[in-house]
Amino acid sequence: MAGQTSHFEQTIAKIRQAESSADRSVGSVVLVAVSKTRTANEIKPVIKAGQKVFGENRVQEAQGKWPALKQQYPGLALHLIGPLQSNKTADAVQLFDVIESVDREKIAASLAKEMDKSGRRPALYVQVNTGEEPQKAGIPPGEAVAFVETCRQKYGLAITGLMCIPPAGENPGPHFALLVKLADHCKVTDLSMGMSGDFETAIGMGATHVRVGTAIFGERDPQG
Ligand SMILES: *Cc1c(COP(=O)(O)O)cnc(C)c1O
């Protein structure tokens with residue numbers, strides 16, 4: 001496990017360096033360590049090394065490992081970074097502290113209902129499909145402002161951030177710039193952008209949260 005924690009330490013060092021190069025206050029960017037496909041035993045050394053914020057992309061997979069980890073290590077925060085189905089919203093509201101993938105009205109309605117019922121209030125971000133890729137989740141950029149307004153006005157949801165996953169193999173810069181612009185128009189402060197390959201670029205452009213898996217935990221099974 002020594003390898004894993006050293007990759008974690010290196011990632012933290014790179015984040016701090018990128019903050020400093022961008023004249024941003026050191027320690028201001030939140031690392032969301034993406035633990036999808038990893039077992040509890042792979043995750044624990046990273047928790048013990050000091051990491052408190054983790055991301056998972058599947059509700060069911062997260063339910064299999066996080067309730068026990070959260071109990072064992074109080075103070076952890078879990079982000080849902082994958083698409084949410086409406087039949088999974090009750091479970092998601094129970095388990096996650098931040099849901100980054102709100103992207104359609106049906107989900108907004110279902111989240112509002114479950115949050116009222118349970119009294120739990122995870123923070124909510126809207127996912128924007130900045131590359132307008134047909135196979136990818138997220139609201140099209142042209143609809144983002146109106147959708148955030150609908151979430152707030154019609155469903156009483158306090159949307160506080162935007163998230164994007166730029167198209168694979170493209171320069172992510174223009175996608176990050178678009179997300180920054182939309183966040184301004186939507187009046188949200190949290191910007192979840194940047195993954196293993198581009199988190200330094202994202203920090204230079206204003207990311208408040210970077211979602212990093214591979215650089216910490218190593219390559220995933222291609223199915224992951
Ligand atoms: C898997 C995943 C990541 C992490 O990707 P890496 O390239 O492994 O850092 C970030 N964001 C989302 C939405 C993901 O599904």
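Me: What covers the buried residues of H5?
Reply: This is a predicted model. In H5, the buried residues are Ile107, Ala108, Ser110, Leu111, Ala112, Glu114 and Met115. What covers these buried residues includes helix H4 (89–95), strand E4 (98–102), E5 and H6.

Me: How many Å should helix H5 span, and how far apart are its end C-alpha atoms?
Reply: Helix H5 runs over residues 105–118, which makes 14 residues.

Me: Which residue just after H5 takes a positive phi?
Reply: The phi in question is about 75°. It belongs to a residue just after H5, namely Gly119.

Me: Where does Cys151 lie, and is it buried or exposed?
Reply: Cys151 lies in helix H6. Its relative accessible area is 0%. The cut-off for buried is under 20%. Cys151 is therefore buried.

Me: Which residues does Cys151 touch, not counting residues up to four places away in sequence?
Reply: Cys151 and Arg104 are 47 residues apart along the chain, and their C-alpha atoms are separated by 9.1 Å. Leaving out residues up to four places away in sequence, Cys151 touches Val102, Ala108, Gly156, Leu157 and Ile159.

Me: Against which strands and helices do the buried residues of H7 pack?
Reply: In H7, the buried residues are Gly173, His175, Phe176, Leu179, Leu182, Ala183 and Cys186. They pack against strand E5 (123–128), helix H6 (144–153), strand E6 (159–164), strand E7 (190–192) and helix H8 (199–205).

Me: How far apart are the end C-alpha atoms of helix H7?
Reply: H7 has 14 residues, 173–186. At 1.5 Å a residue, the helix should span 20 Å. The end C-alpha atoms agree, at 20 Å.

Me: Is Lys187 buried or exposed?
Reply: Lys187 sits in the loop between H7 and E7. Its phi is near 55°, a positive value in a residue other than glycine. Its relative accessible area is 68%, so Lys187 is exposed.

Me: Which members of the largest nonpolar core touch the most other members?
Reply: Nonpolar side chains tend to be buried together in soluble globular proteins. The largest nonpolar core here has 58 residues. The members touching the most others are Phe54 and Trp66.

Me: How many aromatic pairs does a search of the whole structure find, and is the pair stacked, edge-to-face or tilted?
Reply: The search finds 1 aromatic pair. The rings of Phe54 and Trp66 have centres 5.0 Å apart and planes at 40°. Planes under 30 degrees apart would count as stacked and over 60 as edge-to-face. The pair is therefore tilted.

Me: How many residues apart in sequence are the parts that Phe54 and Trp66 tie together?
Reply: Phe54 and Trp66 are both buried. Phe54 lies in strand E2 (residues 53–56), and Trp66 in helix H3 (residues 59–72). The separation in sequence is therefore 12 residues.

Me: Which backbone oxygen does the side chain of Gln51 reach?
Reply: Gln51 is found in the loop between helix H2 (40–48) and E2. Its relative accessibility is 6%, so it counts as buried. Beyond four places in sequence, Gln51 touches Phe8, Ile12, Leu31, Ala33, Val46 and Leu76. At 2.7 Å, its side chain reaches the backbone oxygen of Val53.

Me: Which residues does Gly27 touch, not counting residues up to four places away in sequence?
Reply: Gly27 lies in the loop between helix H1 (2–21) and strand E1 (30–34). At 43% relative accessibility, Gly27 counts as partly exposed. Not counting residues up to four places away, it touches Arg16 and Glu19.

Me: Which side chain has an N or O atom 2.5 Å from an oxygen atom of the ligand?
Reply: The residues around the ligand include Val34, Ile81, Met195 and Arg220. The side chain of Lys36 places an N or O atom 2.6 Å from a ligand oxygen. A polar backbone atom of Gly213 is 2.8 Å from a ligand oxygen. The 2.5 Å distance belongs to the side chain of Thr214.

How values were computed. Residues numbered from 1 in each chain as written. Predicted model: local features only at pLDDT ≥ 70, side-chain atom pairs only at ≥ 80, totals over all residues. Heavy atoms only, no water. Core = buried A, V, L, I, M, F, W, Y, C linked by side-chain atoms within 4.5 Å. Buried < 20%, exposed > 50% of the residue type's maximum accessible area, 1.4 Å probe, protein only. Helix = DSSP H or I, 4+ residues; strand = E, 2+ residues; numbered from the N terminus. Expected span 1.5 Å × (residues − 1). Contact = heavy atoms within 4.5 Å. Phe/Tyr/Trp six-rings, centres within 6.5 Å; stacked < 30°, edge-to-face > 60°. Near = heavy atom within 4 Å. Polar contact = N/O pair within 3.5 Å; in protein donor to acceptor, adjacent residues only side chain to side chain.
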